[in-house]
Amino acid sequence: MPAITNKQQLLTQAQAALKKRYPLPAPEPGEPRQLLEELIFAICREGSTTEDAEEAYARIRKVFVDWNEIRVSTVQEVADALRPLPNPGPRAGWIIGVLHAVFEMNYSYDLGDMEKKGLKNAAKQISRYFNAKDLETKGLKQAAKQIERFKRVNDFAVAWVVQRSLGGHAIPLDGPTFRVLRRLNVVEEAEAEDMESLRGGIEHVIPKARGEEFTELMSLHAKETCIEKTPLCGQCVLKGDCPTGIELLSKKADKDKEKAEPKPKKSR
């Protein structure tokens, strides 16, 4: 991994360039989401963009009467409402599992008191909703079964709620964001095994004031340009500083050169 100073400079420059490439709309005034609403939205948001997540979240709120109806629905029914978000099945499983955990722990869907417990305690409590072993220990078998069935990284959802609802400093990292950071050589492939530790390293170099914007820009760049299988390196505003982009563009140039060179004529 590059030294902290180099990583900080690279990410600062990258964020400035992406800000010009993807102008973000001004936040619309309105009532902030309640804590549980933000938690469910975070599950929709992981691996997608805010715009796509907003549309999916609006659909499930329209299709289902309330959180309880979602909790007792099938994974297929919730997944159908989430489409075309990627991985709608596992995502639906997480939503149902979390709602089971919240309801079985609190006998309601109100998490308002959690915000009064302080940032660390609130974040710890949110993490427990994704911990199958912890839920089973508490006798919450239905929630544990659902969470265990759909294993996925939960660190993003917890970090999102800390950043958006609890006022803490957290940088949510999902697969697409990790892909961008890996191609920039800011992180290494093996670091994905410990997303919480990796997130801590990124939070050291991205200040809280830039955190939300950084999250949005990384997701947009991953969707529009830094695509998983066929990144559009030629159109990328970061191609001059991206080792992966430099390598791929160099290989492409070599192939184009080979095609352009005239082939020797075969002697008769």
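A: A residue is called buried when its relative accessible area is under 20%, exposed when that area is over 50%, and partly exposed in between, with a 1.4 Å probe and protein chains only. The model is predicted: local features need pLDDT of at least 70 and side-chain atom pairs count only at pLDDT 80 or more, while totals for chains, interfaces and linings use all residues. Residues are numbered from 1 along each chain as its sequence is written, and side-chain values use heavy atoms, with hydrogens and water left out.

Phe156 and Trp160 are both buried. Their rings form a stacked aromatic pair, with 5.9 Å between the centres and 25° between the planes. Rings of Phe, Tyr and Trp (for Trp, the six-membered ring) pair when their centres lie within 6.5 Å; planes under 30 degrees apart are stacked, over 60 edge-to-face, and the rest tilted. Because Phe156 and Trp160 are four residues apart in helix 10 (residues 155–164), about one helical turn separates them. Helices here are DSSP runs of H or I with at least four residues, and strands are runs of E with at least two, numbered from the N terminus.

The protein has five aromatic pairs by this rule. Ring pairs join Phe156 and Trp160 to Phe41, Tyr57 and Trp67 in a cluster. Over the ring of Trp67 sits the charged end of Arg61, 4.2 Å from the ring centre. That relation requires NZ of Lys or CZ of Arg within 6 Å of the ring centre and within 35 degrees of the ring normal. Arg71 likewise lies over the face of Phe103, at 4.3 Å from the ring centre.

Tyr57 is one of the buried residues of helix 3, along with Thr50, Ala53, Ala56 and Ile60. They cover an arc of only 125° around the axis, which means that they lie on the same side of helix 3; the arc is taken from the directions from the helix axis to the C-beta atoms. Glu51, Lys62 and Val63 are exposed on the other side of helix 3. The cover over the buried residues of helix 3 includes helix 2 (35–45), helix 4 (67–71), helix 5 (75–82), helix 6 (88–106), helix 10 and helix 13 (208–224); contact means heavy atoms within 4.5 Å. Helix 3 itself (residues 50–63) has 14 residues and reaches 20 Å from first to last C-alpha, close to the expected 20 Å, where the expected span is 1.5 Å times one less than the number of residues.

As for the setting, the protein comprises 14 helices and zero strands, and 44% of its 268 residues are buried.
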